[in-house]
Every structure is written in C-alpha cells, then in structure tokens.
Amino acid sequence: MRLSASAAARIEHESLEIAIFVLESADMSPCQSCHAGCCRAYAVPISGADIVRIQNRFELSFWEFVYRWADPQGEIALNHAPQFFFSDEPQTPYVVCLKQVESEYFPESSKCRFLMESPPDEEHPLGVARCGIHPDRPGTCRAYPTKLDDAAELAIIDEVAESGRPCADDIYKLCPRQWEPADFDPVTTIQDLVVVQYEMTYFHKLALIWNQNPQSWLVFPQFLELVYKKRVIKSEVAESHRSDHNILPFPVQGIAPNSSAKAA
Ligand code: SF4
Ligand code: SF4
C-alpha cells in the first residue's frame, strides 16, 4: 500500500516530534546532574550473577566490592533479596550487598565504592556523581525506581521518598523530581526487570540450599564460583541430572576455607 504524500509528511513530522521528545526526556533525566543520594543512602543487594559479572569485567576480587549486611528485621532484603546465614554468626541473617566506603567530599557519610564523585561547587553544592561501572551495574541499581507487575509485563514506577535515610543530611536526599514513564525506554526497562527478577529468584534458590548447611562467610566466594561455573553444561550432563532428579547440582559440601581470603 502506498501512502499519500500528506500522510507520509504527517508521519515524518510526528516521528520528528517523538524523536525530539525522547531526546529531551533523556537529557532531562533526574540523574543528569544528581549527587546520587540513592548510591549513598542504601545498602544495595546484589545477586551472585552481579558478583560474577563485576569480578570478570573489572578483575576485582569478591572482597573488594562485596559486603554482608546484617538484616534481622528484613529491612534490606525487602522481599527482594535472599537472606543468608553463616556459621561464623549463625543467628544473624545477612543480605549480600555492594560495599560502601566513606565519601571523599562529604566526610562521615557513606557511598557505594563504585560511585565517582565530583567536588561540590556553587551550582551543585552536593557535587555531581556518576556510577563508575554503569554498563555493568547490578540489577538492583538498573531497576531502581521501578519493579515488574505481577504478570511480568509492565514496569511500575515506585514513588521515591525525599530522603533515603531518616537523618536530615542533604547528601542522602534522593531524586530531584518524581520519575515519569517518558524517562524510561519501554523495551529495555522491561528486559532489565525480567533479568533482575530471574537472577534474584535463582539467588533465592541458592540461599535455600546454602542455609541448609551454612558455612563460613570466608568460603562464600568459593561457593559462588563453583555454582556459577556450572551454569552452562553439556546435554549428556543435563540428562544425567534429570535422571538423578538433581535439578540444581550445587557443590555445597567439601568447600575448604581459603586461608588467603579476607572477610569484608
Ligand atoms: S553500582 Fe553504580 S548505580 Fe549501583 S549503587 Fe554503586 S554507584 Fe550506584
Ligand atoms: S537519587 Fe534519583 S536522580 Fe539521583 S542518581 Fe539516584 S536515581 Fe538518579
């Protein structure tokens, strides 16, 4: 079917308007000149897949960016991340998170160890900050402040609180405005959320198995390495697991603590 000249011109005009709108929306992202209060205020739960990806991309050791946060009230896990138990602190449930360090420009405040800060100036009294691993950032960071609906078809934008911490420190203030649907790419946003949900569900399964026989935090990186190495298998191996009813062949037993490992 051929379009009339006027229809083609209208579509071209509308496409141009959409392109300008998308570009303006991208330019006006709330993150653009933000001090990144979200990367300072929160303990950020990560999955095993996040850990393996960041280790491989940046040649970092587990202990350089992973930290376990005690979470007796479930305020960090928030029905999103699994809680793990460890033999060295058997009564305490922990959530595996990104490590935090002290801010370079705002002493006595904390920030994600991957957050890159610029010094405060007149225009930006809290500075401007950027994620140092943005293309490889963890799923939790990628999803914020959205979540999947129950049917895993739509992204729901959560309302963002004024501050990420109860204290009055401005450095922990969050987004300068609420987020709008136009701030998000409708395809990649859903794709990211689906992957985040998948990897956290898998990490929950790991927690169930680990927690049956908790070992020391010191051997946790070895456990993850062994499990994630086995995520790609040959068909005959898959067949033997199926016949054994061994759906998740996690090598939990027999992991010796690494004497060179340092606890976070
Ligand atoms: S990994 Fe990046 S986005 Fe996530 S908390 Fe750290 S700095 Fe922020
Ligand atoms: S606090 Fe909000 S606007 Fe600022 S970096 Fe985080 S998500 Fe972006």
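This is a conversation about how to read some features of the predicted model above.

Visitor: What should I know before I start?

Guide: The model is predicted, so to speak of a local feature takes a pLDDT of at least 70, and side-chain atom pairs count only at pLDDT 80 or more, while totals for chains, interfaces and linings use all residues. Residues are numbered from 1 along each chain as its sequence is written, and chains are lettered from A and ligands numbered from 1 in the order in which they are written.

Visitor: How many helices and strands does the chain have?

Guide: Helices (H or I, at least four residues) and strands (E, at least two) are DSSP runs, numbered from the N terminus. Here the chain has eight helices and nine strands.

Visitor: How do I describe two packed helices?

Guide: Two packed helices are described by the angle between their axes and the distance between the axes. The axes are lines fitted to C-alpha atoms, for helices over the stretch in contact, and angles run from 0 to 180 degrees between N-to-C directions. In this model, helix α3 (residues 48-58) and helix α7 (residues 220-229) pack at about 90°, with their axes 10 Å apart. That makes α3 roughly perpendicular to α7; angles under 35 degrees count as roughly parallel, over 145 as roughly antiparallel, 65 to 115 as roughly perpendicular and the rest as oblique.

Visitor: Which residues in α3 and α7 meet?

Guide: G48, I51 and V52 in α3 meet L224, V227 and Y228 in α7. Contact means that the C-beta atoms, placed from the backbone, lie within 7 Å. By class, this α3 and α7 contact has five nonpolar, one polar and no charged residues. Ala, Val, Leu, Ile, Met, Phe, Trp, Tyr, Cys and Pro count as nonpolar, Asp, Glu, Lys and Arg as charged, and the others, Gly among them, as polar.

Visitor: Which residues of α3 are buried?

Guide: Buried means 20 or more other C-beta atoms within 10 Å of a residue's own, exposed means 12 or fewer, and partly exposed lies in between, with C-beta atoms placed from the backbone. In α3, the buried residues are G48, A49, D50, I51 and I54. Their cover includes α4 (62-65), β1, α5, α6 and α7.

Visitor: Where is the largest nonpolar core, and what supplies it?

Guide: A nonpolar core is a set of buried Ala, Val, Leu, Ile, Met, Phe, Trp, Tyr and Cys residues joined through C-beta atoms within 7 Å. The largest one has 46 residues, and A43, V44, I76, V95, V96 and C97 have the most contacts inside it. Helix α6 gives the most to this core, with seven residues.

Visitor: What backbone features stand out?

Guide: Most residues other than glycine have a negative phi, and most peptide bonds are trans. A36 has a positive phi of about 65°, and A36 is buried, with 22 other C-beta atoms within 10 Å. L78 also has a positive phi, near 45°, but L78 is exposed, with 10 other C-beta atoms within 10 Å. Y144 and P145 are joined by a cis peptide bond, with omega about 0°.

Technical notes
Two residues are in contact if their C-beta atoms, placed from the backbone, lie within 7 Å.
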